[in-house]
Amino acid sequence: MYLAPVGLVQVRSDGEIVMINPTAAQLLMPLSRNGTLDNLFTALRKVAPDLQDLLDTGTPASGVVCDGLQLPVQVGLGTPSDASLLSFSLIRIDADHCMALLQDVTAQVRREHRLRQQEAWLGAILSGVTDYAMVTLDLGGGIVEWNDSIQRISGFGPEAVHGQTLALFYPPDAITPERVTDHLREADQSGCSLDEGWRARADGTRYWGSVLITPLRPAGGERTADAAYCLILRDLSDHRDTAAQARQAAVCDYLTGIHNRRAFFEAAERETLRAKQRPRPLSVVLFDADHFKRINDSLGHPAGDAVLCHIASTLRASFREVDVVARIGGEEFAVLLPSTDLQDAYTVAERFCRKLAASPATTAAGEVLCTVSAGIATMDDCGGDLSALMQRADQALYAAKAAGRNRVCGLAPEH
């Protein structure tokens, strides 16, 4: 065990560490708050808050509890992109003991990400002519020319396409004017911009599709203002199920189905960088369930899980599709709001809090009323970084709790 090239930890059913090899200790030490490793579940609480619940509910007397779960491990004050990725598997040996396996897969995941980008390129280029629609964009992302297949895929005819921007192909709450510009600038800088997600047809129905944007650079001359980019729109609905399973395992919280901590911070880092390069407001809201321990203690963990799922579904229904709604801790949630200032963030957060307080969660123990406290911070033209933004949101959250809970507090940008 001690000479194994991967991290191995034997734990009791409550997470108490019985044996640990040097590789595991080295991988886990950045997660230790006090420099000791006594309990595996406590060490992993920030990045995997549900391990104890996962072990206690619905797992066999022996066998695999989770396999290949990817956990981000931040060292020091670095940015989320500096985090290592650990592959974590947990196997139940018997009723009282489990074995955990850990491995640093940071380099492997980055290689796979580059391969997926290359595959997406090849898929767009090599797909049959009936599988895509192509339009030409001007320097501002406005649609200039298009082929006939645009109507077959999106339902939009020439009269609807003319004079619109590429935002026409997105659901109304899934893109902002700033995001349109972001895609164009990313294409300029990287040679292409690839965006996969929900797209909208002319009749309002949605389909899973991709938008690939590439700059047009005519040989021997400068590109013209009315033919600056090529956009390829593809309907990927037939391929979504298989891809969605892999994507969900990587970016979704297993209990609530919304984004997990890793996905939130990756998105937050991208938006922070965009806000620095092309200034616009960016807000984050932290939510914490009020008196959640009382619910778990009095009604049991299944009721607590139902409350968390109710909070998550209400959050998802209350914010835009372009916003990133995530569970980042046990009973802590976060929402990233691109192109949103402090006042607008306050308005939507307060509306959510009122909606949640008025709609009890349905649990096996009956209906349960729940509320949350919320803290908001905003970054605008003054700049700043993600860690500072999250710290100010956390300070605002504590202010909301200190003021009596079930309320929203906000901190203006630092100048």
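Is D235 buried, exposed or partly exposed? D235 is partly exposed, at a relative accessible area of 24%. This description refers to a predicted model.

**Salt bridges**

D235 pairs with R201 in a salt bridge whose closest N and O atoms are 3.5 Å apart. The two residues come from distant parts of the chain, 34 residues apart: R201 sits in the loop between strand 8 (193–200) and strand 9, while D235 belongs to strand 10 (residues 229–235). R201 also counts as partly exposed, with 25% relative accessibility.

The count of salt bridges in the model comes to 19. Three of these pairs are listed here, including the one above.

| Pair | Closest N and O atoms |
|---|---|
| D173 and R206 | 3.7 Å |
| R274 and E186 | 2.8 Å |
| R201 and D235 | 3.5 Å |

D173 lies in the loop between helix 6 (158–161) and helix 7 (177–190), and its partner R206 is in strand 9 (residues 206–215); 33 residues separate them. D173 is partly exposed at 27% relative accessibility, and R206 is partly exposed at a relative accessible area of 41%.

R274 counts as buried because its relative accessibility, 11%, is under 20%. E186 is partly exposed, with a relative accessible area of 21%.

**Network**

R274 and E186 also belong to one network, joined through salt bridges that share partners. R179, D182, E271, R278 and R280 are in this network as well.

Key:
Residues numbered from 1 in each chain as written. Predicted model: local features only at pLDDT ≥ 70, side-chain atom pairs only at ≥ 80, totals over all residues. Heavy atoms only, no water. Salt bridge = Lys/Arg side-chain N within 4 Å of Asp/Glu carboxyl O. Helix = DSSP H or I, 4+ residues; strand = E, 2+ residues; numbered from the N terminus. Buried < 20%, exposed > 50% of the residue type's maximum accessible area, 1.4 Å probe, protein only.
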